[in-house]
Amino acid sequence: MATKYDSSVNVLGSIPDYSSMMDFICEYMGRVPDGQGSFSFRTHKTFSRFLAAIKTAILQFANDTHKQLFLDALTSLDFSLQEKLMVLFWQMVYGNLLVRRITEEVFMQAVYQGRTTLSAVDVLALLHHIKETENGEFDWSEATLKICASKYLTILKKLGLADGAVKKQILYPPMTSQLFVYFVRMAMTVYPDQPTLDNPMMAFSFYDKRTLITKLKRVEFIPFWNITQIGEEVKIDLK
C-alpha cells in the first residue's frame with residue numbers, strides 16, 4: 001500500500017547547516033557555479049541521504065514560475081539569510097506532506113493560539129493520531145516516531161523559528177515587505193485556482209485573517225497585486 005508520508009523529516013533535521021544547504025541547492029539547480037559555500041555539504045559522509053531528502057521534500061515545484069521564484073530568492077543579494085530561511089520553510093511546507101501536516105496542525109496552531117513554547121510531545125501526539133487513524137501510515141517503531149518529532153523541532157530551530165533545548169521557544173519571522181511579497185506570489189503561483197484567503201498556503205502566513213487582509217491592502221503593495229473585497233471574501237490578482 002502506498003503511503004502519503006515519508007521519513008524526510010528525519011533526514012532534513014540531520015542536515016547540519018541550512019545556509020550551506022541553500023548554497024548547494026543553487027549550485028545543484030545550475031543557478032551559481034560550484035563554490036566553497038557548499039563544500040562541507042557536498043563532502044558530508046551522508047551526502048547521498050541529504051540529496052535524496054532535498055529532492056523529495058524541497059525541490060518540488062508546481063510549475064516553472066514557482067521554481068524560478070524560489071531560486072531567484074535563494075540567489076538574491078537583497079534577501080537576508082533569515083529571509084532565505086523563511087523561503088526555505090515555505091518550500092518545505094509545500095514540498096513535503098508530513099512537514100506540512102505537522103506545521104499546520106501543531107506549529108501554526110500554537111502560533112495562532114499565542115503560545116510561546118512547543119515540545120516534541122506536541123508533535124508526537126499528532127504522529128500517534130495519524131498512526132492510529134490512517135490505515136497504513138507510520139509503520140514505524142515508537143522510537144522512530146519520537147525521533148521524527150524531535151527532528152521536526154530541530155528543523156524549526158535551524159530555520160530560525162524556534163530556540164531552546166527540550167522545550168522550544170517559538171520565534172516569529174521578520175516579515176519584511178519583500179518577504180511578504182514573496183509569500184503572496186508563491187501562494188498564488190502554486191495554487192493559481194485559489195487566489196483567495198482560502199489558498200492552502202495562507203495557513204502559513206503567521207497572520208490572522210483580519211491582519212492579513214489589512215496588510216494585503218497596504219499602499220506599498222499596490223504595484224504587486226490588486227485586491228477585490230466583498231464582505232469577508234478577498235480576491236488577490238497578481239500584477
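**Notes on a predicted model**

1. The strands involved are S1 and S3 (residues 168–170), which pair in the antiparallel sense over 2 bridges.

2. Now for the core. The largest nonpolar core has 86 residues, and the members that touch the most others are Trp90, Phe107 and Met201. Helix H10 supplies the largest share of this core, 10 residues. As a general rule, nonpolar side chains in soluble globular proteins tend to be buried together.

3. Beyond its neighbours within four places in sequence, Trp90 is in contact with Met175, Leu179, Tyr182, Phe183, Met186, Met201 and Phe204.

4. Next, helix H11 (residues 209–216). Which of its residues are buried? They are Leu212, Ile213, Lys215 and Leu216. These four lie on the same side of H11 because they cover an arc of only 165° around the axis. Over on the other side of H11, Arg210 and Thr214 are exposed.

5. What do the buried residues of H11 pack against? Their partners are helix H10 (177–190), strand S4 (225–230) and strand S5 (233–238).

6. One last thing, at the start of H11: Asp208 has a side-chain oxygen that comes within 3.2 Å of the backbone nitrogen of Arg210.

Note on methods: Residues numbered from 1 in each chain as written. Predicted model: local features only at pLDDT ≥ 70, side-chain atom pairs only at ≥ 80, totals over all residues. Heavy atoms only, no water. Buried < 20%, exposed > 50% of the residue type's maximum accessible area, 1.4 Å probe, protein only. Arc of directions from axis to C-beta. Contact = heavy atoms within 4.5 Å. Polar contact = N/O pair within 3.5 Å; in protein donor to acceptor, adjacent residues only side chain to side chain. Core = buried A, V, L, I, M, F, W, Y, C linked by side-chain atoms within 4.5 Å. Pairing = 2+ DSSP bridges.
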